[in-house]
Amino acid sequence: MTSKKNKTLSGIICLIIVLGFFGGLGWRMGVDHMLNTVMQTAFRLLLDTVFYLMGICVIMGAISKLFVEYGVVDLLERLLRPLMKPLFNLPGVASLGAVMTFFSDNPAIISLSKDKRFSSYFKKYQFISLTNFGTAFGMGLIVIVFMVGQGYAVEPFIGLFGAFCGCIVSTRLMQRFVLKAYPKYAEETASVMDMEEEELHEEEQKSLFLRTLNALLDGGKNGVEIGLAIIPGVLIISSLVMILTFGPSADGTYTGAAFEGVELLPWLANKVHWLFEWLFGFTDPHQIAFPITALGAVGAALGIVPNFAAQGWIDGNAIAVFTAIGMCWSGYLSTHTAMLDSLGYRELTSKAIISHTIGGIAAAIVAHWVYMGYAAIAL
């Protein structure tokens, strides 16, 4: 009986919120114009942004799989391994998680953590912090290539460095939180590898042509899956964010065209614009829409960049900061819960989110100040 009452109450609250939100938009824009704008914006995002992102995902997926097939990922893992302990307080094999999530997406760290040979290198507190460590590099290659495609060659790599620094902050903070809550995890091993479970597999001998072809096609297929996965985020989240970010048409009226809106986010950002300008170097209040969108889906956040560029709202500093915060956050609000749940540590989700929020802010701040240094040298 109580369950039915709770469902009824939650249903009423949900209905009030939805009707209030769209009722407010309809009152300001006109119901017919609001509906047309929502559909036109989603349609334009699908054609102009989603298919472009999917193309990047397919190409990068193919290249990533090729790197895995011919040992480039292993090479990168060996090069990065010496940095793991001093910077992240993680065993050297953790570098493989960074490389794999950089070339794909956040959930790649889950598949690695399920491997007992991989997890046996970690103490429990280190193992739990893998969610923060891996998330900071999710979709990194796609984000960087997308930003380079917007005409910026140096700024995305400044953002990559910012994300790297943000990852250190997030991972170390998460480890401190876990040890404070569970001191015994400092000595307990994440898993013990049973030697009888370790099987050796002989790779089937294939020709160079077949290995290359299979890697390209399999990687491209994975890219399609990632491209399909970002469609809901781009169409739903980006459409709503754009309606809350953009204003009416040039003559101040609403026509139902794509990318019209009520400018709520810039109005709110203007109230504390001095803070974002000081922390991130944002020169326009509209820029706050990117990190807000990246909280849910970095693919959706990327979807708003071309329109911001067309409006003249972004510069080199914004690209560096967007890359850093986009990589570091990369939709962690929608993935951390599932990732920790799959690892069996759901109760630590709030600590992971707090740590990663701070890490993302640190990434953006580092990217801003490094860009300022670069701009001063370039002049």
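Colleague: Why are helices H9 and H10 called roughly antiparallel to each other?

Modeller: In this predicted model, H9 (residues 140-149) and H10 (residues 155-181) pack at an angle of about 155 degrees, with their axes 9 Å apart. Angles run from 0 to 180 degrees between N-to-C directions, and the axes are lines fitted to C-alpha atoms, for helices over the stretch in contact. Under 35 degrees counts as roughly parallel, over 145 as roughly antiparallel, 65 to 115 as roughly perpendicular and the rest as oblique, and H9 and H10 are therefore roughly antiparallel. As the model is predicted, local features need pLDDT of at least 70 and side-chain atom pairs count only at pLDDT 80 or more, whereas totals for chains, interfaces and linings use all residues. Residues are numbered from 1 along each chain as its sequence is written, and side-chain values use heavy atoms, with hydrogens and water left out.

Colleague: Which residues make the contact between H9 and H10?

Modeller: With contact meaning heavy atoms within 4.5 Å, H9 contributes Ile144, Met147 and Val148, while H10 contributes Pro156, Phe157 and Leu160. By class, this contact of H9 with H10 has six nonpolar, no polar and no charged residues, where Ala, Val, Leu, Ile, Met, Phe, Trp, Tyr, Cys and Pro count as nonpolar, Asp, Glu, Lys and Arg as charged, and the others, Gly among them, as polar.

Colleague: Is Asn89 buried or partly exposed, and what about Glu263?

Modeller: Asn89, in the loop between H3 (72-88) and H4 (94-103), has a relative accessible area of 15% and is therefore buried. Glu263, in the loop between H12 (231-245) and H13 (264-271), reaches 35% and is therefore partly exposed. Neither is a glycine, but phi is positive, near 55 degrees for Asn89 and about 55 degrees for Glu263.

Conventions
Helix = DSSP H or I, 4+ residues; strand = E, 2+ residues; numbered from the N terminus. Buried < 20%, exposed > 50% of the residue type's maximum accessible area, 1.4 Å probe, protein only.
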